[in-house]
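Opening the notebook on a new model today.

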Amino acid sequence: MALKELEVKYAAIRSRAYKLTDGGGLHLFVQPNGSKLWRMKYRFGGKEKLLSFGKYPDVPLAAARTKRDEARACLAEGRDPGVVQAEEQQAAERTFEKVARDWHANRAGGLNAAHAQRVISRMERDVFPAIGHRPLTEITVPEILDMIRKIEARGALDISRRANQCVSQVYRFAIANGWARENPTVHLIGALKPRPRVKHMARVPQQEVPDLVRAIAGYDGEDGSRRRDRTRDAMMFTLLTCARTGEVRGAVWSEIEDLDGRQPVWRVPGERMKKNREHLVPLSSQAVLILKRRRKMTTVTAGGFVFPGDRQGSEMSENTMLYGCYRMGYRSRQTIHGFRALASTWANESQDYRSDWIELALAHVEDDTVRAAYNSAQHLGPRARMLQEWGDYVDACGWPEKDGSASSGADRNGISDVHERQLCGVETRGNLRLVQQSVEAGDNIIKFPGRSRCGEN
């Protein structure tokens, strides 16, 4: 006979445990210490099993009967309610934050360390406080949207979209592992505020590149010749190699290969690259001369920085080159990162170079799986020619032309070999006048002497 609420509430405490049966396998297990537990006895696969529904009065009689009915429905469907209950319990314990950290740990090895830290920091700051404690499968679309709206409210539209992308990736990871059945973020398409317009890094018009090159070559914005030389060489090297600021700052001598040979290359390891892929930079003769200057002026060790900081064993400060631009009068007009855009514009406007050569030189590689077979040495020969001709153009910018313009290095020198050239019948290696110092009366600024042409004294 079915139990009544009062029977359950006032069940007597006995010296030995006993059961009060309700029906359908459900019973109340009363222990000598007064504890009352709801249990259900059932058979599955020819075996007798036992389910626990919780403690009375936390689980009242009506709720225990509902759980019993759900268990019987599972049996009718051929499912073991004990297994279903265990899965539900695991799902309740599998919070969004726990799964998100598993997702991050799973992919962190393939990310740049700094980028990986930014991702988890973004989650800890904006996502976990809102939905981190919630069971993954119970989070609703409005909850996620509310979390994103709070980020949008402070004007961080780009961060809000990145947060949504991270949440979506966590759910895709969970679905793949069988922890979730659907990704609620797919219902947010069209609900987010529009992406903010991309703000490109400041750069001067292309016709002002010669003035910029001369300003770098004549840089005299810091106290002490050692610091001036380092900042000037770092800026010029960044301009010549199309590298990112962080890549140049972190460059160590072990990454420089064949510096005294015919095919010098800067091999940037994947862990220092934005896309976590190794990047090869063919070095122009101009870049080679800068490195040789640095080699003479610094203590060279395998792990030593090419452009060391002021403290022993440290890399150059993050803002050193940017402040150098400021001191040259280029505040809000030119950034160091904007050097890459200058090189890209020059290469694209020349129409002599394929777009994939330019993109590879800038280390722009698509993330899709089709490009998974990325080869760091891809198109290395054409890229070497392109960077050499860019170096020659930069070199020419430091020399006032008779017609007032800077010609391309290819037109001026007739380059047939990337790292060796014949100029006026005389072989010259690393013919970069603008990084060769003329020290006069203690002046350590790069000079631009009158240009000597073929047949002239």
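Predicted model: local features only at pLDDT ≥ 70, side-chain atom pairs only at ≥ 80, totals over all residues.

Burial first: 45% of the 457 residues in the chain count as buried, meaning under 20% relative accessible area with a 1.4 Å probe and protein chains only, where exposed is over 50% and partly exposed is in between. Residues are numbered from 1 along each chain as its sequence is written, and side-chain values use heavy atoms, with hydrogens and water left out.

Surface next. The chain exposes about 23900 Å², and carbon and sulfur atoms supply 49% of that; the areas come from the Shrake-Rupley method with a 1.4 Å probe.

I checked contacts too (heavy atoms within 4.5 Å). Among those between residues at least 6 apart in sequence, 61% join residues at least 24 apart.

Then secondary structure: I find 16 helices and 9 strands, taken as DSSP runs numbered from the N terminus, with at least four residues of H or I for a helix and at least two of E for a strand.

On to the sheet. I looked up an open one of 3 strands, ordered β5-β6-β7 with antiparallel pairing; two strands pair if DSSP finds at least two bridges between them. β5 (256-257) and β7 stand at the edges with a single partner strand each, so one side of each has no neighbour in the sheet. Between β6 (residues 265-268) and β7 I get 4 bridges. Arg267 sits opposite Leu280 in β7, and Val268 has His279 as its bridge partner there.

Which way do the β7 side chains point? From this strand (residues 279-282), His279 and Val281 go one way, Leu280 and Pro282 go the other, and all are buried.

I count 3 cavities of 30 Å³ or more. A cavity here is a set of points on a 1 Å grid over the protein atoms alone where a 1.4 Å probe fits but cannot get out, and lining residues have an atom within 4 Å of a point.

How values were computed:
1 Å grid on protein atoms, 1.4 Å probe; cavity = no way out; pocket = protein on both sides within 12 Å on 5 of 7 lines; lining within 4 Å. Points joined across faces, edges and corners; volume = space filled by probe spheres on them.
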